[in-house]
Amino acid sequence: SKFILKGDKMAKEIKLAPSAQDAEEALLGCIIEGGEREQEVAMAWIRDNDAFYNTDNRIIWESMAELYKDKVDIDFVTLCNKVKDMHGDSKAYYITGLTESIASKQNVEEYARIVWEKYIQRETAKSAEALLNASYEDYKNVGSILEKHSRLIDELRQIQPSRQRDINVLVDEMRATVEEDSNLIPFNLGHLDTFAGGMTRKEITVLGGRPGHGKTTLVINIIRGLIEQGYRVMLFNREMSNTEMLKKMVVMESNGLKYGDIRRNDLSETSKEEFELVSEKMKHNYENFLMYDNVRTLDDCLREIAKHKPDVVIDDYIQLIDVQGVKEGRRFEIEKIMQEYKWICKQEDCSSILVSQLNREIEKRFDPRPRMSDYAESGVIEQTAESAMFVFYGHNFDSEKFNPYKSEIIVSKSRYGKIGTHAVGFNGGRCKFYMNSNMAEKDNIA
């Protein structure tokens, strides 16, 4: 236990020692119901009776150990008699209940490992306390205590399940991804797939741009391409509400609707019919689409990803993520966001697109096209991302110089493809990107 000072009073906070009651009962049940294999496995792991934290379980284990040493078969009858001989009470009722704790006798080694691990944790905690006290009070004994503590730490490290994987399994998995072409996730948009063929599972793509350049519009076009291929997509809306995002998506899916008209609810009878028709179709067509506008923290975001296991995660945008537990500054928050997304992509075998705002220095340059240094904390983004690209809509900077139906997708990093600038068509009113500006203009939305 430890003490916390609260005003003028000392409040005692009780900390329970590490233990696993369920694992203890399951292990004992396996020995009773099992045979020679289960007994040998358990005896090999449990080398100290105190490994059992529960008193009744420890009494039963001690009796089992004596029967095993005397080469007597362990079953309900022999065990009850031995417990009664050693402790005066057969504990028959308790022993009967132990067999109900077995999930599978095949897991006997895992149960034993858990019991022993909790014991070593308890011993390590005791050793750490003794080492702390000796450091202040008894310098002569520090060496021997430290040696014991080191042995416990080493054993605790060895007990942990290994993450090592056999090379044969790894090679087979690699071959399967090639044969099934399952590691690549195409955008299903010609102007994006040309530079790298799409996204790679377990990797991150970063998309940047200044406000009003069409980042969110490009996001919904990407979502449409992914959904059409049958992928499960998850979107975190941080700047825009789900409602406004869906309005954009309805316009994108429609034949002629304008986003401005929908926002103002300025629809003709024909437009209203189109709006209703597309809205109903989306209920069916976007069944594999998950969207949130109420997930604020990074931890909650990662929890949703682990729960629903999408193929692609899109976060719009990362500067608005609340990163808890990081106090050093924004640079460290961005670093944590990138690292956590990298690991969740590896863990869940998915790909992610992280949308990022750019700093305002871009607006002071003669050439306003974005570059890697325009990303906030560009170093960690460049190191972590598989691909880094930008959306640049020149018409926002110079309406006379740049075509209003033309945009540029600038690929500044592509780990498995080519970098370069790709001219594409763009029509903000229709919430769409196109292969070229002529197609955007022909959509007839001013």
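Which helix does glutamate 179 lie in? Glutamate 179 lies in helix H8, residues 167-180; more on this residue in point 5.

1. Before you start. This is a predicted model, in which local features need pLDDT of at least 70, side-chain atom pairs count only at pLDDT 80 or more, and totals for chains, interfaces and linings use all residues. Residues are numbered from 1 along each chain as its sequence is written, and side-chain values use heavy atoms, with hydrogens and water left out.

2. Overall build. The protein chain has 17 helices and 13 strands; these are DSSP runs numbered from the N terminus, with helices being H or I of at least four residues and strands being E of at least two. The radius of gyration is 31 Å, well over the 22 Å that the globule rule gives for 446 residues, so the chain is more spread out than a compact globule. That radius is taken over C-alpha atoms, and the rule is 2.2 Å times the number of residues to the power 0.38. Along the principal axes, the C-alpha atoms fill a box of roughly 95 × 50 × 50 Å.

3. Of the 446 residues, 44% count as buried (buried is under 20% relative accessible area, exposed over 50%, partly exposed in between, with a 1.4 Å probe and protein chains only). The chain exposes about 24400 Å², and carbon and sulfur atoms supply 47% of that; the areas come from the Shrake-Rupley method with a 1.4 Å probe. There are 63 positive and 76 negative side chains, and the centres of the two sets lie 5 Å apart. Lys and Arg count as positive and Asp and Glu as negative, while His and the chain ends are not counted.

4. The core and helix H10. The largest nonpolar core has 46 residues, and Phe187, Leu192, Ile223, Met249 and Phe289 touch the most other members. Its largest share, seven residues, comes from helix H10 (residues 215-228). Such a core is a set of buried Ala, Val, Leu, Ile, Met, Phe, Trp, Tyr and Cys residues joined through side-chain atoms within 4.5 Å. Beyond its neighbours within four places in sequence, isoleucine 223 is in contact with Val233, Leu235, Met249, Tyr286, Phe289 and Ile314, contact meaning heavy atoms within 4.5 Å.

5. Glutamate 179 is exposed, with a relative accessible area of 63%. Its C-alpha atom is separated by 34 Å from that of glutamate 408, 229 residues apart along the chain. Serine 150, in helix H7 (residues 142-159), is partly exposed at 32%. Serine 150 and serine 127 are 23 residues apart in sequence and 9.4 Å apart in space, C-alpha to C-alpha.

6. Threonine 217 and cysteine 431. Threonine 217 lies in helix H10 and counts as buried at 5% relative accessibility. Leaving aside neighbours within four places in sequence, threonine 217 is in contact with Lys248, Phe426, Cys431, Lys432 and Phe433. Cysteine 431 is buried too, at 0%, and lies in the loop between strand S12 (420-427) and strand S13 (432-434). Phi of cysteine 431 is near 60°, a positive value in a residue other than glycine.

7. Backbone spots worth a look. Asparagine 188 has a positive phi of about 65° and sits in the loop between strand S3 (184-185) and helix H9 (190-196). A cis peptide bond joins aspartate 316 and tyrosine 317, with omega about 5°.

Key
Charge placed at Lys NZ, Arg CZ, Asp CG, Glu CD.
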